[in-house]
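Here's a quick tour for anyone opening this one up for the first time. Take a look at the sequence and the model below, then read on.

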Amino acid sequence: MTHGFGPVAPPDAQIRAAAEQRQTQLTKPGGALGRLEELGNWVAACQGVCPPKQFERARVVVFAGDHGVARHGVSAYPSEVTAQMVANFLGGGAAVNALAAVAGATVRVADISVDADTDPAISKHKVRRASGSIDREDALTLDEVTAALAAGKAIADEEIDAGADLLVAGDMGIGNTTPATVLIATLTDKEPVAAVGRGTGVDDDGWARKVAAIRDGMRRARPVAKDPVDLLRVAAGADFAAMTGFLAQAAARRTPVILDGVVVTAAALVAEDLAAGASAWWLAGHRSTEPAHTLALAHLRLTPLLDLDMRLGEGSGALTALPLLRAAVATLTEMSTFADAGVSTADPEPPATLPDEKPNLQK
């Protein structure tokens, strides 16, 4: 069952080639801007135009949801913090708000499964209050996972139809690194201890409880690992399913996405299985301190832009990387070519004879 998703066409290879050619004509030595050049070429290919356009409506969507497993001591914070942080997002007081302002992006919050009543403006796609505790029960029913995938798809469509030309997926949910690690360790075939991190900063006892919950969650997840929808139903949650639908639909709509940390990238793993080729439309904003994130990035063959020991979520790492992507677009678009600027190109090949040698004029 694909739930309306299928293989995704890649960014435009001909436009990427044109961008690569343009890079050689800009007033700089070839390759002198390093990975900025690669990023600019990727944006051009995604947009289907060279030179590319600077992003005019970068949009962050923070998917919020609670998880039953948080009631079993896997997080340093109580579940009530999810709803409190959602209110903080709406009030403009969170890291995502501050970083979005600097990066030239705007923020939307989507309550998919917060275990509380929230502002009706953000809860129109709400599926349920908290997902099941995945170490001992299914996260969702089949109807709920279907609804959550449809919610993510609808949110992507709403944002793209409103003019978004770059999307960032963020997350908020106490306990959500536990299902994220279950998904990643299951899909990359790793043992829990190789993937589990400290999340919100649990102590040693909390870490041990988290390892046990992930082990039990993986035991339930492995039999359905080859079915992305069933995997979301059994071992993820409504917020993960919505992020999965969002990421798959953004790729289907040919809209680039900057991925954030371990939670979003876990959903991305499932989205790539649901819509093969979607990952060509995604950029890894940063590398989280969570070990599972490195495993997921390697599986997706994505190289992060930043490695700053961040582990907040919310879209914070992706937003910190966004100015780099803007810089890549600016250099490819706004720099003069050698011809336009009247700047000499690299020296031609040296003559075949040394200066003090007389050329052989005999034919």
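At roughly what angle do the axes of helix α6 and helix α8 cross? The axes of α6 (residues 177-188) and α8 (residues 204-221) cross at roughly 50 degrees and come within 9 Å. Keep in mind that this is a predicted model, where local features need pLDDT of at least 70 and side-chain atom pairs count only at pLDDT 80 or more, while totals for chains, interfaces and linings use all residues. Residues are numbered from 1 along each chain as its sequence is written, and side-chain values use heavy atoms, with hydrogens and water left out.

- Axes here are lines fitted to C-alpha atoms, for helices over the stretch in contact, and angles run from 0 to 180 degrees between N-to-C directions.
- The helices themselves (H or I, at least four residues), like the strands (E, at least two), are DSSP runs numbered from the N terminus.
- α6 passes α8 in a right-handed crossing (right-handed if the near helix is turned clockwise from the far one by less than a right angle, left-handed if anticlockwise).
- On the α6 side, the contact is made by T177, T178, T181, V182, A185 and T186; on the α8 side, by K210, A213, I214, G217, M218 and A221. Contact means heavy atoms within 4.5 Å.
- The residues where α6 and α8 touch divide into 6 nonpolar, 5 polar and 1 charged. Ala, Val, Leu, Ile, Met, Phe, Trp, Tyr, Cys and Pro count as nonpolar, Asp, Glu, Lys and Arg as charged, and the others, Gly among them, as polar.

**The sheet**

- There's an open sheet of 5 strands, in the order β2-β1-β3-β4-β5, with parallel pairing. Two strands pair if DSSP finds at least two bridges between them.
- The edge strands are β2 (105-113) and β5 (282-284), and each of them pairs on one side only.
- From one strand to the next, the twist averages 25 degrees.
- Helix α10 (residues 238-252) packs on the sheet and touches β1 (58-65), β2, β3, β4 and β5; its direction makes about 155 degrees with that of β1.
- Helix α13 (residues 316-334) also packs on the sheet, touching β1, β2, β3, β4 and β5, and its direction makes about 135 degrees with that of β4.

**Strand by strand**

- β1 and β2 pair in the parallel sense over 8 bridges.
- β1 is mostly covered, with 8 of its 8 residues buried (buried means under 20% relative accessible area, exposed over 50%, partly exposed in between, using a 1.4 Å probe and protein chains only).
- A58, V60, V62 and A64 point one way from β1, while R59, V61, F63 and G65 point the other way.
- β2 is mostly covered as well: 7 of its 9 residues are buried.

**How α10 meets α11**

- α10 and helix α11 (residues 262-274) pack at an angle of about 60 degrees, their axes 8 Å apart, so α10 is oblique to α11.
- This is a right-handed crossing, with α10 passing α11.
- α10 brings F240, M243, T244, L247 and A248 to the contact, and α11 brings V263, V264, A266, A267, A268, V270, A271 and L274.
- By class, the contact of α10 with α11 has 12 nonpolar, 1 polar and no charged residues.

**Two residues to look up**

- M172 is found in strand β3, and it counts as buried because its relative accessibility is 10%.
- Leaving aside neighbours within four places in sequence, M172 is in contact with V62, F63, A64, G65, V81, T82, M85 and F89.
- M172 and E314 are 142 residues apart along the chain, yet their C-alpha atoms are separated by 5.8 Å.
- S279 has its place in the loop between α11 and β5 and is buried, with a relative accessible area of 15%.
- Not counting residues up to four places away in sequence, S279 touches E272, L300 and L302.

Definitions and conventions. Angles under 35 degrees count as roughly parallel, over 145 as roughly antiparallel, 65 to 115 as roughly perpendicular and the rest as oblique.
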